[in-house]
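Hi,

Here's the structure I promised to pass on.

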Amino acid sequence: MVQPSESSPSANEPAVVRIAPPGTGPGFESGSSQRSVQFGHDLPAGEDPTTHGLNPQQLEAVTYRGPALLIVAGAGSGKTRVLTQRIAGLIRGREAWPSQILAITFTNKAAAEMRERVEEQLGGAAEGMWISTFHSACVRILRREAEHFGFKKNFTIYDSSDTKVLIKRLIKELQADVLGLTPGNVASKISKLKNELTDVDAYARDANMSDPTERMFVELFRRYTRELARANSFDFDDLIGQTVYLFRAFPHVAAAYQKRFRHILVDEYQDTNHAQYSLIRELTRAPQPEPDDYLLGAGPTGIEAASLTVVGDSDQSIYAFRGADIRNITEFERDFPGAKVVLLEQNYRSTQNILSAANAVISNNFDRKDKKLWSADGAGEKIIGFTGYSGHDEAQFVADEIEKLHSEGMSYSDMAVFYRTNAQTRALEEIFIRSALPYRVMGGTKFYDRAEIRDSFGYLVSVVNPDDQLALRRILNTPKRGIGPATETQLATFAETNGLTFRDAMRNVEGLGLGPKVTGSIRALSDLLDEAAELADTGVVADVLTLLVTRSGLLETLRNSRDPQDEARAENIEELQAVTKEFEKNNPDGTLIDFLTEVSLVAAADDLDDTSGTVSLMTLHTAKGLEYEAVFLTGIEEDLLPHKMSANEPGGPAEERRLFYVGITRARKRLFLSLAMTRAQFGETAVAMPSRYLQEIPAELIEWRQSPGMVNSRGGQQSRALNSTGRRGFSNGRGGYGGGSDQPPALPRPEKKAWPNQVTNQVRDNSTLELVPGDRITHVDFGEGRVQQVTGEGAKRIAHVIFDAAGPKKLLIKIAPIEKI
DNA sequence: CAGCAACTGTTTTTT
DNA sequence: ACAGTTGCTG
């Protein structure tokens, strides 16, 4: 069996899988204080490595044997440890071969981590085990079985933006935009339907076809489905849904997997959607006897259904928006009669203060099983609260506190900043860059979303999967080679009328009667793709990419451009070449298809880099499953958390509260909650109100450095740094707010734009500014100060300054808003 | 067909 | 604020 691609790290961070040394770096949920005793080789003689060091509930979860087991694992209760020891125990006790194990995790990174830890327990005997995400596992199955239902095994995967491009084209063709249908809303509706395993025909049966918008939507859905099939492609949702379809339509195919996988384990079960649930149901069915078995008189197969272990926490269900159905976990016992349930409530991660805050917040969600996390490790430090005047002010607080923790000996990689929306990174990044703080934004998937990278992938996909018309159209005139929309349409029509693929139309371009110049361009492109395909059969991925980007002129066009940004774009392509070389190194037998599959399925959390020594920035969603010594939860404001888009949705506010809960429970020792009074949005500054969830935390757990009540409308004139130091103890014992009131005081209403965005408007370049210790400087926010020391080289020179009022700061000289006096 | 200026809507979260 | 798109001109 081919080794799965999920055992290699994401192509974005292509080095070897990194495991943080105990106690450092962002760990996966593992019960940090238990870590030192978890591996067999540390044990005294005679101890059972599978069960050593477990509490009674964990022990039960590891050793229980039966058809179905639900482990209700509160945050930080050591569930990953329980899962890995359970797997190791099954294999060590000869109850299962590695190849009979299927473990499903939420991200590739979590899968790699789990594999690593199982191997460590077993001394490397995990060969043949499937530990992967739902999507990766389904790709593996589909590649092997695609030919059963009209796909080829070289299929490619459409990500959400590919999907949108295709739908956009269809909307244009059908002029569906006049009915208010946009690529966004059509794509999300189709995705929802697929998550419910509803296909076009099923939907059309119940649709109100007298409604023109509805009728149009059905037509779009139908064409979208047809186009995907024609392009030999699956979208994200298809990967799951089509696998379920495959199993249901071809019982003998399903039986092969039902027989193979004897133990199925699913992590983060609370976030499974209906399609994923159905997949698990199919896999845990007892295999049906095949026709041949009857002929041989074998009767029923006699093979029992696989055993199923699921781990989850309904309080951490945060993906309802993409179809996750909390009932999958709440009704588990009904779905699998005779299921055993084990509750893990002891927390090995956080201090009691942090857990008490988390418990208090989540207890406001009614309709949940009461569950209280507790720790044996003591109260710990208080939670720190802070209210800034603006998002930048808040960011400055975060940066200052990070510096402080760092100077006290905490590694940057042990700290993380969370936020609700990706847009909030801007202010944080600006301040962090200025403060010369090493940071890294997780997810955002920025690299693979850049146009030049997508173009490069367009070439690669066109080579691997010539049926993909979308990829071909993307590269047809990129770089510019004189093939406009008119020519593109002619090619498409020619293909249509002659029953050819778009790619074949290109191969026969001479038959179209186009101008000699255009014909020549298409011929050259077509030949290049053929040559690359030949190379892909024998050569390595990196060479194929190099051939394509050089011979197509993509790279050269960018290099010769006079747009200064194109230089960076060319560098991005070179970085992609480096990524393919790394892939090559990690997967010596990896094909181009493997490479494309891997990058298609990287998740936001997959590019975590444990050893990089940087602060991690990420959304609350990405943070799930991770833990850090110190956590900063930013933007704890109404309309942001809970987000205003969630207000109308049923269950919205409760889900947002779970999101807050997830954020709180990521912290081991230190937790910081911050908000701003005004926040820039759409370039305009709007007033923000403290989040309702803040009041749910008992006041005695929070020490407000600057409470919402302390901030007044004149505050914008003062620098935060002037009045934030040394004040403490504003709790009054009742509400969560300082300043003497029980309820969050009504915030003042400053005029719009009362405090124009002080940071972003200032584009400056101080790269020529020379500073030496002793110089007096003035800073836009911090006032006057004296340079103590200058470190770093060139563009990275950092001034260490003690400001008269704001105290010590580090500034990146190139971009800091400073002047020499 | 390419390049430029003006104009739009967009931001909730993600495999 | 910004990117992506439309519409005009050469």
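This is a predicted model: local features need pLDDT of at least 70, side-chain atom pairs count only at pLDDT 80 or more; totals for chains, interfaces and linings use all residues.

I'd start with β7 (residues 263–266), which pairs with two strands. On one side of the list is β3 (residues 101–105), parallel to β7 over 4 bridges, with Ala103 partnered to Leu265. The other is β8 (residues 307–312), again parallel and with 4 bridges to β7; here Leu265 has Thr309 as its bridge partner. In a regular strand, side chains alternate between the two faces of the sheet. In β7, His263 and Leu265 point one way, Ile264 and Val266 point the other way, and all of them are buried.

Then there's the hairpin of β16 and β17. Strands β16 (residues 678–681) and β17 (residues 684–687) run antiparallel, joined by 4 bridges, and Thr678 is bridged to Val687. Two residues sit between the strands, and Phe682 has a positive phi near 55 degrees.

Now the backbone. Most non-glycine residues have a negative phi, and most peptide bonds are trans. Some exceptions to check:

- Glu268, in the loop between β7 and α11 (274–283), has a positive phi near 50 degrees. Glu268 is also buried, because its relative accessibility is 8%.
- Ala436 has a positive phi of about 55 degrees and lies in the loop between α17 (425–434) and β12 (439–441). At 18% relative accessible area, Ala436 is buried too.
- Thr478 to Pro479 is a cis peptide bond, omega near 0 degrees; Pro479 is in the loop between α20 (469–476) and α21 (485–498).
- Leu641 to Pro642 is cis as well, with omega near 5 degrees.

Cheers

Technical notes
Residues are numbered from 1 along each chain as its sequence is written. Chains are lettered from A and ligands numbered from 1 in the order in which they are written. Side-chain values use heavy atoms; hydrogens and water are left out. Two strands pair if DSSP finds at least two bridges between them. Buried means under 20% relative accessible area, exposed over 50%, partly exposed in between (1.4 Å probe, protein chains only).
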